[in-house]
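Hi everyone, thanks for coming. Let's take a few minutes to walk through a model together, with the strands, the pockets and the charged pairs in turn.

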Amino acid sequence: LLSPLVSAQETKLLASDGDAGDEFGISVAISGNTAIVGAPYDEDNGSSSGSAYLFDLTTGAQLAKLLPSDGAADDQFGDSVAISGNTAIVGARYDDDFGSASGSAYLFDITTGAQLAKLLPGDGVADDQFGNSVAISGNTAIVGAQYNDDLGSYSGSAYLFDITTGAQIAKLLPSDGATDDQFGNSVAIVGNTAIIGARNNYANGIRSGSAYLFDIASGAQIAKLLPSDGANYDDFGSSVAIRGNTAIVGARY
């Protein structure tokens, strides 16, 4: 008999037009009865232009295929995805609006599949990879730019946006950010709190990693999170999530 803590598989999700090399499933998210799945190497708008798919969780049926209005080869749209309520956000970290691999993110209405807005940072430059991580909660979206250089090469940053207007609210930077921290490699948000990973931070040794909490209303840093047993090359902060009063941080190495 299965343990009561183990759930049975309900369905397998597949893209209606899936093809070799699409990497459908590289990113996933879920809210209510809807799931979103990224396929960043799909080729509808050119080689590795990317796409994302919406599914009905009650039936497993595909609801829509999401494509950006200006998608192009090598954008890798769908490398990061998130969903909350009626809105989905999809990152395209190799989009080139501000130079090669400056990056972007897109908002979509999940009931219609229509694109609502394209999100761009106010100070984007080449190689920032804005959109490498995305999250959304209520009326606020957060987008990571792990190779932004404000506090040194590849120090990283994250940006908050109002999803009703598409306007940038704030740019988030850690109080002790440094070269190669890659702050923004992972992001999550719930209510008034955001959590942001910095997997290469040196707080507990070489690339031991850290994570930071921010108040999204003020943009102020609340805390820096470190594990009790952090060590060299742990990559603490490689993944993050938050719900209610509890956060979880992955340390993949």
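**Strands, pockets and salt bridges**

Let's start with β13, which pairs with strand β14 (residues 193-198) in the antiparallel sense over 6 bridges. Before going on, please keep in mind that this is a predicted model, where local features need pLDDT of at least 70 and side-chain atom pairs count only at pLDDT 80 or more, while totals for chains, interfaces and linings use all residues. Residues are numbered from 1 along each chain as its sequence is written, and side-chain values use heavy atoms, with hydrogens and water left out.

Strands here are DSSP runs of E with at least two residues, numbered from the N terminus, and two of them pair if DSSP finds at least two bridges between them. Taken together, 4 strands make an open antiparallel sheet, ordered β13-β14-β15-β16. At its edges are β13 and β16 (221-225), each pairing on one side only.

Now the pockets. A pocket is an open set of points on a 1 Å grid where a 1.4 Å probe fits, with protein on both sides within 12 Å along at least five of seven lines; lining residues have an atom within 4 Å of a point. The largest pocket holds about 480 Å³ of space. It has 23 lining residues, and closest to its centre are Val28, Ala29, Val81, Ala82 and Val134. β9 gives the most to this lining, with 6 residues.

The second largest pocket has a volume of about 220 Å³. Of its 14 lining residues, Asn185, Ser186, Arg199, Ser238 and Ser239 lie nearest the centre. Here β9, β13 and β17 (236-243) each supply at least two lining residues.

Finally, the charged pairs. How many salt bridges does the structure hold? There are 12, counting a side-chain nitrogen of Lys or Arg within 4 Å of a carboxyl oxygen of Asp or Glu. Asp70 and Lys118 meet in one of them, at 2.6 Å, N to O. Asp70 sits in the loop between β4 (62-66) and β5 and Lys118 in strand β8 (residues 115-119), so this pair ties together parts that are 48 residues apart in sequence. Lys118 also meets Asp97, at 3.0 Å, N to O.

Arg252 forms a salt bridge with Asp235, with the closest N and O atoms 2.5 Å apart. Asp235 counts as buried, at 5% relative accessibility, where buried means under 20% relative accessible area with a 1.4 Å probe and protein chains only.

Methods
Grid points are joined across faces, edges and corners, and a volume is the space filled by probe spheres set on the points. Buried means under 20% relative accessible area, exposed over 50%, partly exposed in between (1.4 Å probe, protein chains only).
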